[in-house]
Amino acid sequence: MPSINTDNLDVNSGHQVYTPKLLRWYDLIVHGVSNRWFWSCPTQLLEAWFDDHATNNHLDIGVGTGFFLDRCSVFSPDARIGLLDANPNCLAAAAKRIERYHPETIQANLAEPFEQLTEPFTSVSLMYVLHCLPGDQAFRKRVIEHASAVLTKDGKLFGATLLGKPSPTSWLGRQVMASYNRKGIFGNEQDTLESLKEVLETSLVDIEIQQVGSVALFVGRNS
Ligand SMILES: C[S@@+](CC[C@H](N)C(=O)[O-])C[C@H]1O[C@@H](n2cnc3c(N)ncnc32)[C@H](O)[C@@H]1O
């Protein structure tokens with residue numbers, strides 16, 4: 001995918017790191033170790049959040065390895081599942097993992113409105129994506145606008161993101177988060193619960209946010 005530059009942001013910084021080799025270790029590093037030991041939020045809680053809000057007409061944005069989709073217990077065999085990501089390695093890994101649903105794959109960058117989609121979705125997830133994005137609240141607002149634009153009226157956008165402030169309570173968590181920010185893997189130094197609420201309020205209503213450790217779990221309805 002060609003490099004896009006929006007307002008001098010490197011909008012590819014948050015996805016380029018996901019090589020096939022890294023994706024082989026991703027679930028263990030992120031969902032096996034980091035959630036509990038660095039971010040103080042058990043993975044089971046994230047899975048439950050996903051199950052509570054996903055529907056049978058679902059678009060997952062920022063798919064990684066397809067971890068939550070694969071483990072979701074609410075999809076029926078004929079569920080319509082869309083996968084959207086800027087990184088083709090992630091799309092391929094997730095599509096293979098949930099091939100039983102014959103997913104639709106869309107390669108697109110959140111920095112721009114999506115052009116390829118046809119039918120809207122009743123639920124859209126953004127699990128662990130916002131904290132990977134560079135830039136400020138204005139850019140996050142734009143991203144949420146793009147994601148919400150593919151929802152049906154009353155459709156739900158939900159997800160989870162790591163807050164940069166306050167810093168993780170674990171010493172190791174603070175070192176890891178600072179290092180990921182220096183490398184551009186994360187861009188969440190300025191992200192707080194209040195800034196997330198403001199970002200979501202631009203496109204959504206009936207917003208609910210819960211904080212567990214460094215993780216903010218959020219959901220809102222298309223307005
Ligand atoms: C930390 S991973 C999360 C994976 C998965 N949702 C999970 O929770 O296990 C972030 C994902 O967002 C994607 N991503 C990051 N920046 C993006 C962008 N600007 N546009 C589209 N996808 C992006 C990455 O390629 C990657 O798949």
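Colleague: Which strands does helix α7 lie across?
Modeller: Helix α7 (residues 193-201) lies across β7 (151-162), β8 and β9. It runs at about 160 degrees to β8. Helices (H or I, at least four residues) and strands (E, at least two) are DSSP runs, numbered from the N terminus. Axes are lines fitted to C-alpha atoms, for helices over the stretch in contact, and angles run from 0 to 180 degrees between N-to-C directions. Contact means that two C-beta atoms, placed from the backbone, lie within 7 Å.

Colleague: What kind of model is this, and how are residues numbered?
Modeller: It is a predicted model: local features need pLDDT of at least 70, side-chain atom pairs count only at pLDDT 80 or more, and totals for chains, interfaces and linings use all residues. Residues are numbered from 1 along each chain as its sequence is written.

Colleague: Back to β8. How does β8 pair with β9?
Modeller: In the antiparallel sense, over 7 bridges. Strands pair if DSSP finds at least two bridges between them. β9 covers residues 215-222. I209 stands opposite F218 in β9, and E208 stands opposite V219.

Colleague: What about the turn of that hairpin?
Modeller: The hairpin of β8 and β9 has 2 residues between the strands. G213 takes a positive phi near 60 degrees there.

Colleague: What is the strand order in the sheet?
Modeller: The order is β5-β4-β3-β6-β7-β9-β8. It is an open sheet of 7 strands with mixed pairing.

Colleague: Now β4. Is it largely enclosed or open?
Modeller: Largely enclosed by the rest of the structure, because 5 of its 6 residues are buried. Buried means 20 or more other C-beta atoms within 10 Å of a residue's own; exposed means 12 or fewer, and partly exposed is in between, with C-beta atoms placed from the backbone.

Colleague: Which strands pair with β4?
Modeller: β3 (residues 57-61) pairs with β4 in the parallel sense over 5 bridges. H58 has I81 in β4 as its bridge partner. β4 and β5 also pair in the parallel sense, over 4 bridges. There, L84 stands opposite I106 in β5.

Colleague: Which helix lies across β4 and β5?
Modeller: Helix α4 (residues 88-97), at about 155 degrees to β4. C90 is found in helix α4.

Colleague: Is C90 buried or exposed?
Modeller: C90 counts as buried, because it has 24 C-beta neighbours inside 10 Å. Leaving aside neighbours within four places in sequence, C90 is in contact with Y18, L23, V63, G64 and D85.

Colleague: New topic. Which residues come nearest to the ligand?
Modeller: G14, H15, G62, G64 and A86, of the 21 residues around the ligand. A residue is near if its C-beta atom, placed from the backbone, lies within 6 Å.
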